[in-house]
Amino acid sequence: MRKGADALSKWVGEAERQLRLLFEEARKTQPCIIFFDEIDGLAPVRSSKQEQIHASIVATLLALMDGMDGRGQVIVIGATNRPDSVDPALRRPGRFDREFYFPLPNVKARRAILDIHTKGWEPPLKPEFKDQLAALTRGYGGADLRSLCTEAALNAVQGTFPQIYSSNKKLLIDPSQIRVKAKDFMISVNKIVPSSERSAASGASALKPNIEPLLRDALAKVSALIDEIIPQKKPTTALEEA
């Protein structure tokens with residue numbers, strides 16, 4: 001696995017050479033899989049405003065993926081959170097033939113993720129509590145849930161041993177005395193902003209009065225769908241009263 005920007009270099013032509021060496025090594029050890037994480041950093045959309053070095057890297061990658069020599073049993077996989085930033089030439093058949101969209105986890109998936117991140121906790125969290133927490137964290141991704149569990153554990157540590165935050169000395173603590181409670185999770189829920197709710201400034205504007213009636217129904221359907229995928233408000237449950 002390679003990060004998308006790992007092949008970049010300050011030396012002209014070095015990035016292209018690294019890509020060629022990578023594909024040559026993959027051909028020697030085929031069947032082989034090359035996985036590029038954050039491929040939008042390696043092959044962004046080419047434009048006249050972009051530096052020539054990026055255009056050369058994209059051209060090299062295109063030639064390596066479906067050149068005259070072929071790839072043999074070498075499979076290339078790329079991952080990105082910004083598919084619109086990947087050069088369109090990479091997304092045509094013969095290069096990245098299949099595109100898979102992985103949405104935010106649903107309630108069942110969030111419950112499984114919570115099981116993973118709280119495995120081995122003593123005492124273990126109650127199943128009913130984890131079910132309520134999974135329902136409460138709609139719109140959370142895997143990294144958000146991991147951060148939630150970490151923050152809850154830190155809140156429990158701070159509540160059990162507050163002296164470690166006010167002393168400059170090294171203190172010996174007993175981890176078995178730490179108990180993560182519902183209150184610790186609720187403090188974390190109110191503190192953490194899920195990735196799906198973080199957005200930059202938008203240049204969108206309201207529809208004109210003469211166009212709004214024509215698009216009213218379609219806009220309502222789109223808004224309802226967006227609210228299901230990226231909720232704006234957290235539902236109120238009995239867990240918030242803990």
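This is a predicted model: local features need pLDDT of at least 70, side-chain atom pairs count only at pLDDT 80 or more; totals for chains, interfaces and linings use all residues.
Me: Is leucine 19 buried or exposed?

Reply: Leucine 19 is found in helix α1, which covers residues 14-28. Buried means under 20% relative accessible area, and because leucine 19 has a relative accessible area of 0%, the residue is buried.

Me: Which residue forms a salt bridge with aspartate 87?

Reply: Side chains of opposite charge can pair when their charged atoms come close. For aspartate 87 the closest N and O atoms of the pair are 3.0 Å apart, and the cut-off for a salt bridge is 4 Å. The partner that forms this salt bridge with aspartate 87 is arginine 46.

Me: Where do aspartate 87 and arginine 46 lie, and how many residues apart are they?

Reply: The salt bridge between aspartate 87 and arginine 46 links distant parts of the chain. Aspartate 87 is buried at a relative accessible area of 3%, whereas arginine 46, at 35%, counts as partly exposed. Aspartate 87 lies in the loop between β3 (74-79) and α3 (107-117), and arginine 46 in the loop between β2 (32-37) and α2 (52-66), the two being 41 residues apart.

Me: Which helices hold glutamate 151 and lysine 191?

Reply: The side chains of glutamate 151 and lysine 191 meet in a salt bridge, at 3.5 Å from N to O. The pair ties together parts that are 40 residues apart in sequence, because glutamate 151 belongs to residues 142-160 and lysine 191 to residues 182-191, which are, respectively, helix α5 and helix α6.

Me: Where do glutamate 212 and arginine 216 both lie?

Reply: Glutamate 212 and arginine 216 meet through their side chains in a salt bridge of 3.0 Å, N to O. Glutamate 212 is partly exposed at 28% relative accessible area, and arginine 216 likewise counts as partly exposed at 44%. The two residues are 4 apart, about one turn of the helix that holds both, and this helix, covering residues 212-229, is α7.

Me: How are α3 and α4 oriented to each other?

Reply: Two packed helices are described by the angle between their axes and the distance between the axes. For α3 and helix α4 (residues 127-136) the angle is about 125 degrees and the axes are 9 Å apart, while the crossing is right-handed. Angles of 65 to 115 degrees count as roughly perpendicular and those over 145 as roughly antiparallel, and the orientation of α3 and α4 is therefore oblique.

Me: Which residues are linked in a network of salt bridges?

Reply: The contact between α3 and α4 has Val107, Arg110, Arg111, Leu114 and Asp115 on the α3 side, and these meet Pro127, Lys130, Asp131, Leu133, Ala134 and Ala135 in α4. The count of salt bridges in the model comes to 8. The residues linked in a network of salt bridges are Arg111, Asp115, Lys130 and Asp131.

Me: Which residues of α3 and of α5 make the contact between these helices?

Reply: α3 and α5 pack at an angle of about 45 degrees with their axes 10 Å apart, and α3 passes α5 in a right-handed crossing. The contact is made by Arg110, Ile113, Leu114 and His117 of α3 together with Gly142, Leu145, Arg146 and Cys149 of α5.

Me: Which residues form one aromatic cluster?

Reply: The buried residues of α6 are Asp184, Phe185, Met186, Ser188 and Val189, and what covers them includes α4 and α5. The structure holds 2 aromatic pairs. One aromatic cluster is formed by Trp121, Phe129 and Phe185.

Key:
Residues are numbered from 1 along each chain as its sequence is written. Side-chain values use heavy atoms; hydrogens and water are left out. Buried means under 20% relative accessible area, exposed over 50%, partly exposed in between (1.4 Å probe, protein chains only). Rings of Phe, Tyr and Trp (its six-membered ring) pair if their centres lie within 6.5 Å; planes under 30 degrees apart count as stacked, over 60 as edge-to-face and the rest as tilted. Axes are lines fitted to C-alpha atoms, for helices over the stretch in contact, and angles run from 0 to 180 degrees between N-to-C directions. Angles under 35 degrees count as roughly parallel, over 145 as roughly antiparallel, 65 to 115 as roughly perpendicular and the rest as oblique. A crossing is left-handed if the near helix is turned anticlockwise from the far one by less than a right angle, and right-handed if clockwise. Contact means heavy atoms within 4.5 Å.
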